[in-house]
Amino acid sequence: MIKIKDLHKSYKMGSNSLHVLKGINFEVEEGELVAIMGSSGSGKSTLLNILGMLDLLDKGTYDLDGVPIKDLDETKAANYRNKFLGFVFQSFNLINYKTALENVTLPLYYQGFKRKEREEEALRYLDNVGLKEWATHLPSELSGGQKQRVAIARALVSKPKVLLADEPTGALDSKTSKEVMALIQKINKDGKTILIVTHEEDIAKMCSRIVRLKDGVIMEDKKNKMVKAI
C-alpha cells in the first residue's frame with residue numbers, strides 16, 4: 001500500500017540547512033494499523049506530511065497504492081489526497097458554524113456528489129461512529145470525543161485507501177482516548193490501513209506495529225501484540 005525508499009527531507013534555516021529525514025525506508029501493507037513514534041524533532045510529523053502529500057520529499061521515492069507520488073503541483077496533490085487519503089488531527093479541524101452532518105459532507109461536496117447523496121452517505125458514517133442523533137449539532141455542542149468521532153466520520157466518508165491520524169487522542173482525556181482508539185481499531189478490523197503519529201506509549205500499544213524515529217532515522221520497527229482499547 002505504502003512504499004518509501006531512501007527518503008530525505010531538509011529545510012532551509014537562514015543560511016543553514018536542517019536535515020530532518022535521513023534515508024527513511026518504510027513499507028506499510030494494506031490493512032495494517034501502524035503507530036509512528038518519536039520525540040519532538042524526530043521527524044515523525046515531517047514523515048506524516050510527506051505521506052499526506054502536504055509536503056514534498058527532496059530525494060527518494062514514495063509509492064501509494066502502486067502510484068508514484070512525484071512532481072505534484074497543488075491541484076494534482078489535492079486530487080490525490082481526495083482519492084487516497086483521509087486525515088484526522090489532534091485539534092479536530094471541524095468548521096465551527098457547520099453542523100456535524102455538514103462537516104462530514106464536505107469531502108463529498110468537493111467530489112461533486114449531489115446534496116441528497118452527500119447527506120445520506122454522511123448520515124451513514126455518523127451512524128457508524130455512534131453519532132447519528134447528533135447530526136444537527138454544532139461542534140460547540142459536542143464533547144472532545146464526539147468532535148473526534150465526527151472528524152473520523154469526515155475522514156472516512158470519501159472511502160480513502162489510507163487514514164492518517166496526527167495525535168488523534170492528544171486533546172482527549174484517557175477514558176475518551178480509549179473510546180476513540182476502540183473506534184480506530186474497529187475501522188482497522190474492517191480492513192482500513194491506518195497510520196497514527198503519537199507520543200503516547202499506551203496509544204502505540206493499541207496498534208499492530210510500532211515504528212520509532214530518532215533524529216530522522218528509523219531506530220525500531222516491530223510488530224506489536226495489539227492491546228484492545230476497551
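Which residue in E4 stands opposite Ile4? Tyr62 does.

This is a predicted model, so local features need pLDDT of at least 70, side-chain atom pairs count only at pLDDT 80 or more, and totals for chains, interfaces and linings use all residues. Residues are numbered from 1 along each chain as its sequence is written, and side-chain values use heavy atoms, with hydrogens and water left out.

**Sheet and helix**

Strand E1 (residues 2–13) and strand E4 (residues 59–64) pair in the antiparallel sense over five bridges. Two strands pair if DSSP finds at least two bridges between them. Helices (H or I, at least four residues) and strands (E, at least two) are DSSP runs, numbered from the N terminus. E1 and E4 belong to an open sheet of four strands, ordered E2-E1-E4-E5, with antiparallel pairing. Its edge strands are E2 (16–28) and E5 (67–68), and each pairs on one side only. Strands of a sheet pair through backbone hydrogen bonds, either parallel or antiparallel.

Helix H1 (residues 44–51) lies across E1, E2 and E4. H1 runs at about 115 degrees to E1. Axes are lines fitted to C-alpha atoms, for helices over the stretch in contact (heavy atoms within 4.5 Å). Angles run from 0 to 180 degrees between N-to-C directions.

**Aromatic pairs**

A search of the whole structure finds three aromatic pairs. Rings of Phe, Tyr and Trp (its six-membered ring) pair if their centres lie within 6.5 Å; planes under 30 degrees apart count as stacked, over 60 as edge-to-face and the rest as tilted. Among them are Phe87 with Phe89, whose planes at 5 degrees make the pair stacked, and Tyr109 with Tyr110, whose planes at 75 degrees make the pair edge-to-face.

**Burial**

Buried means under 20% relative accessible area, exposed over 50%, partly exposed in between (1.4 Å probe, protein chains only).

| Residue | Relative accessible area | Class |
|---|---|---|
| Phe87 | 18% | buried |
| Phe89 | 26% | partly exposed |
| Tyr110 | 61% | exposed |
| Thr99 | 16% | buried |
| Met206 | 4% | buried |

**Two loop residues**

Thr99 sits in the loop between strand E6 (85–89) and helix H3 (100–110). Leaving aside neighbours within four places in sequence, Thr99 contacts Ala135, Thr136, His137 and Leu138.

Met206 is placed in the loop between helix H7 (201–204) and strand E9 (209–214). Not counting residues up to four places away in sequence, Met206 touches several residues, including Leu33, Lys178, Met181 and Val227. Met206 and Asn96 are 110 residues apart in sequence and 31 Å apart in space, C-alpha to C-alpha.
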